[in-house]
Amino acid sequence: MITVTEEIPPQVPSLPHWPERPEQVDTDGTSFLVLAVGSADEVATVAGGWVAQAEAVGPTTLGILDSVDAPEDLRTVEELLGRARTGVRVMVVGGQYEVLRLLSLLRRRGALESELTAFATDTTAIPLFCAHCQTIFRAEAAPGGEDDCPGCARRLEIHEHMAVLLGAFLGSVVYPDVEPVKGGA
Amino acid sequence: MTSTQQRDDEFVGHQHPAYALGRRRLRVTGLTPLTNAILHVELADPEGRPLAGYQPGSHLVVDAGEGRRNAYSLTGDGFNPQSYEISVLRLPEGRGGSSWLHEHLTLGQELEVEGPRSMFPAAHDQQHALLVAGGVGVTPILSHARALSRAGRGATVLYSYRPGHEAHLDHLHALDTVDVVEATTVEETQAALDALLASQPFGTHAYACGPSPMLTAYETAASAAGWPSGRVHAERFVAPELDPGDPFTATLVSTGRQVEVASGVSLLDALLEAGAPVGYLCKQGVCGECRLPVRRAAALDHRDFVLTAEEKSAATHVMPCVSRGRDIHVDL
């Protein structure tokens with residue numbers, strides 16, 4: 001007979017930390033890739049600042065994307081990464097949702113934290129991962145809030161937990177005893 | 001009866017021979033001279049039982065006569081191995097272990113081994129691998145190249161060797177998915193390092209094994225090419241000479257016992273002298289066997305090649321065979 005007492009450690013929130021202003025370009029890099037999402041003035045300003053700094057150090061590529069979900073934009077990102085050589089530093093600017101999705105893609109392609117710089121121009125939306133149907137979607141909400149899953153129509157509460165590789169916050173059902181709507185929303 | 005014993009009684013898993021990693025005897029089933037100074041040794045279980053699989057880049061600890069135990073890189077891909085294969089360079093100026101193996105090994109003989117142990121593994125998320133070998137440092141590089149080739153993944157190998165000493169070159173060329181670049185002089189090696197480090201795809205990790213000057217050139221070239229240190233991996237088989245250092249005091253946290261470490265004496269030797277149970281192998285800051293947790297220290301002078309820069313600055317572990325410091329409280 002084995003008795004195991006499990007100690008549950010205090011829950012520590014894992015939330016993204018955004019710098020107040022864009023960080024400087026890491027001049028240890030030998031080439032640079034700036035990814036800017038959206039047409040907001042601040043996005044253009046931040047990307048322009050990075051490009052100016054990076055061009056003084058090495059070859060610099062600016063990729064401008066309309067969204068991070070459209071197939072043609074994702075193809076552009078893949079093409080830019082395919083041309084990039086190790087030694088590159090990647091800078092990402094856009095809204096929080098776009099930046100987290102792009103960082104997730106970059107990390108899954110093997111990027112190290114020391115190669116990434118990111119700046120979020122707003123925190124109005126988050127990528128939300130439904131723990132039940134595994135859909136990741138854009139939610140105009142924040143940790144502590146709620147939203148409906150477009151995959152399974154469950155009402156999700158948003159936890160203070162963001163998975164770095166997944167690039168999304170954890171959402172789980174608010175009313176566990178209510179049957180979900182079959183066939184989605 | 002402790003709970004650990006109870007658990008062992010209840011769950012008798014991991015009894016299959018392919019889980020065995022402890023000290024055991026294997027039979028010499030193959031001896032092939034690759035060059036006039038490198039002997040390739042194949043070892044298999046005397047009963048024909050399976051051997052433990054291993055991560056590419058792992059090494060095997062081998063009894064090298066007269067109480068010596070040497071670590072040699074395994075050259076296989078590590079997947080379901082039927083034999084363990086190592087290549088031993090005869091070092092007349094070494095501690096004698098390699099010469100003993102060259103002179104005493106015969107087919108059918110049994111040899112005590114331990115491991116394999118993984119100290120030079122591949123990054124799990126690498127998109128491509130740049131493998132750099134200098135001389136007999138080709139052995140773990142061949143292991144990585146074979147593992148990648150088995151997985152159908154590509155790699156670029158730079159092999160720097162002196163003509164006539166190109167052990168395993170044919171084995172590297174035999175791998176379909178692997179590009180091999182050869183260099184036979186210091187200048188060629190440097191030029192190839194610069195060119196290759198500037199042209200690897202995004203997400204590449206680099207691995208090098210070879211003599212210290214080549215590894216220094218490799219790390220310098222990688223840094224100049226903008227590679228973050230997290231992508232630049234190296235395994236050393238010879239460590240540079242170290243100065244004797246200042247005397248200091250170490251404290252064993254469990255008992256509060258203080259151990260004086262004199263100049264010219266390693267923390268490891270002082271701890272062993274004091275009867276503290278510390279496992280060790282290379283005594284050169286290379287193998288990682290003697291790694292000790294540190295509770296606190298007034299200063300730590302890390303002189304090993306095992307801990308990463310982050311681990312060194314965290315000051316939570318020390319390699320007592322080479323590293324020193326002041327007022328080190330070791331978790332023993």
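Biologist: What should I know about the model itself?

Modeller: This is a predicted model, where local features need pLDDT of at least 70, side-chain atom pairs count only at pLDDT 80 or more, and totals for chains, interfaces and linings use all residues. Residues are numbered from 1 along each chain as its sequence is written, while chains are lettered from A and ligands numbered from 1 in the order in which they are written.

Biologist: Back to β8(B): in which sense does β7(B) pair with it?

Modeller: Parallel, over five bridges between β8(B) and β7(B), residues 128-134. Two strands count as paired if DSSP finds at least two bridges between them. Val132(B) stands opposite Leu158(B).

Biologist: And how many bridges join β8(B) to β9(B)?

Modeller: Six, and these two strands run parallel as well, with β9(B) covering residues 178-183. Ser160(B) has Ala183(B) as its bridge partner there.

Biologist: Switching to chain A, what is the strand order in the open sheet?

Modeller: The five strands go β6-β5-β9-β8-β7, and the pairing is mixed.

Biologist: Why is one side of β6 and of β7 left without a neighbour in the sheet?

Modeller: Because β6 (136-139) and β7 (146-148) of chain A stand at the edges, each has a single partner strand.

Biologist: How does β7(A) run against β8(A)?

Modeller: Antiparallel, with three bridges to β8(A), residues 155-163. Asp148(A) is opposite Arg155(A) in that pair.

Biologist: Last topic: how many residues of chain A are in contact with chain B?

Modeller: 16 residues of chain A, against 20 residues of chain B. Contact means C-beta atoms, placed from the backbone, within 7 Å.

Biologist: What kinds of residues are on the chain A side?

Modeller: Six are nonpolar, six polar and four charged. Nonpolar covers Ala, Val, Leu, Ile, Met, Phe, Trp, Tyr, Cys and Pro, charged covers Asp, Glu, Lys and Arg, and the others, Gly among them, count as polar.

Key: Contact = placed C-beta atoms within 7 Å. Helix = DSSP H or I, 4+ residues; strand = E, 2+ residues; numbered from the N terminus.
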